[in-house]
Amino acid sequence: MKKIVIASNNPGKLREFEQMLAPLDIEIIPQSQLGIPETGEPHATFVENALAKARHASRLSGMPAFADDSGICVAALGGEPGVHSARFADGPPPGAAGVRDDQDQRNNEKLIALLKDRRDRRAHYYCVIVLMRHGEDPEPLIVEGRWHGEVIDTPRGANGFGYDPYFRLPEFNRTAAELAPEEKNAASHRGKALAALLARLRAARVIGNE
Ligand code: IMP
């Protein structure tokens, strides 16, 4: 299995998956390259959304497909934005050119406004990855990862995407946007979930020990 469809068009996520999978000789094909439209994310849990996205991409492509569903969960907000992280703030519908950056900025502004005067700044990123070998796969591989930090009021750093400039990691004393890509990938929710997925694929001898 050297080619896998990825059920995402988020450039930040795609870049991170490409970086992490490059040494393994696994090519990931964004579903948009195959003309597959994004499906909705209507569910209340990350795993249900990831299952729906992976199934949709695998059914339409006829190939193995994986999806990540992820977000930031803020303790003082009862876990929100959570599954609503991508479109936390109102704005134009997805798909228009440049929408993602503006959306990220609006999301961050809304989050900081909600946390104004709140002392509890604990938050974690969560990521679940679902891999379906085919569209009707009854045993999808499901792995997850978490990354704990805190939300700060003033953005720092220019790397990463989404909430990264406002997400400070105590163990680094830096925000996720101040980390080099390799540092983020080694520690992040997405990096942990992908490492778990690769371990499962190695155990099943789907990939080798590259
Ligand atoms: P979805 O998984 O496509 O629903 O979108 C996940 C959303 O969560 C992204 O659009 C970001 O807003 C946020 N998010 C997930 N992972 C990260 C990350 O590594 N850094 C910053 N924001 C993230």
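1. The cover over the buried residues of helix 2 includes strand 1 (3–6), helix 1 (11–21), strand 3 (65–74) and strand 4. Contact here means heavy atoms within 4.5 Å. Helices (H or I, at least four residues) and strands (E, at least two) are DSSP runs, numbered from the N terminus.

2. On the basis of the work: this is a predicted model, in which local features need pLDDT of at least 70 and side-chain atom pairs count only at pLDDT 80 or more, while totals for chains, interfaces and linings use all residues. Residues are numbered from 1 along each chain as its sequence is written, and side-chain values use heavy atoms, with hydrogens and water left out.

3. Which residues of helix 2 are buried? They are Phe 46, Asn 49, Ala 50, Leu 51, Lys 53, Ala 54, Ala 57 and Ser 58. Buried means under 20% relative accessible area, exposed over 50%, and partly exposed in between (1.4 Å probe, protein chains only). An α-helix has 3.6 residues a turn, so residues three or four places apart point the same way.

4. Helix 2 has 16 residues and spans 22 Å from its first C-alpha to its last, close to the expected 22 Å at 1.5 Å a residue; the expected span is 1.5 Å times one less than the number of residues. After helix 2 comes Gly 62, with a positive phi near 70 degrees.

5. The structure holds 16 salt bridges, each a side-chain nitrogen of Lys or Arg within 4 Å of a carboxyl oxygen of Asp or Glu. In one of them, Lys 53 pairs with Glu 41 (3.2 Å, N to O). Because Lys 53 belongs to helix 2 (residues 46–61) and Glu 41 to the loop between strand 2 (27–30) and helix 2, the pair ties together parts twelve residues apart in sequence. Lys 53 is buried at 5% relative accessible area, whereas Glu 41 is partly exposed at 39%.

6. Arg 59 forms a salt bridge with Glu 136, with the closest N and O atoms 2.9 Å apart. Arg 59 lies in helix 2 and Glu 136 in the loop between strand 4 (122–132) and strand 5 (141–151), so this pair ties together parts 77 residues apart in sequence. Arg 59 is partly exposed at 49%; Glu 136 is exposed at 52%.

7. Asp 164 and Lys 184 meet in a salt bridge (2.7 Å, N to O), and both are buried. Salt bridges with shared partners join Lys 13, Glu 16, Asp 68, Asp 164, Lys 184 and Arg 190 into one network.
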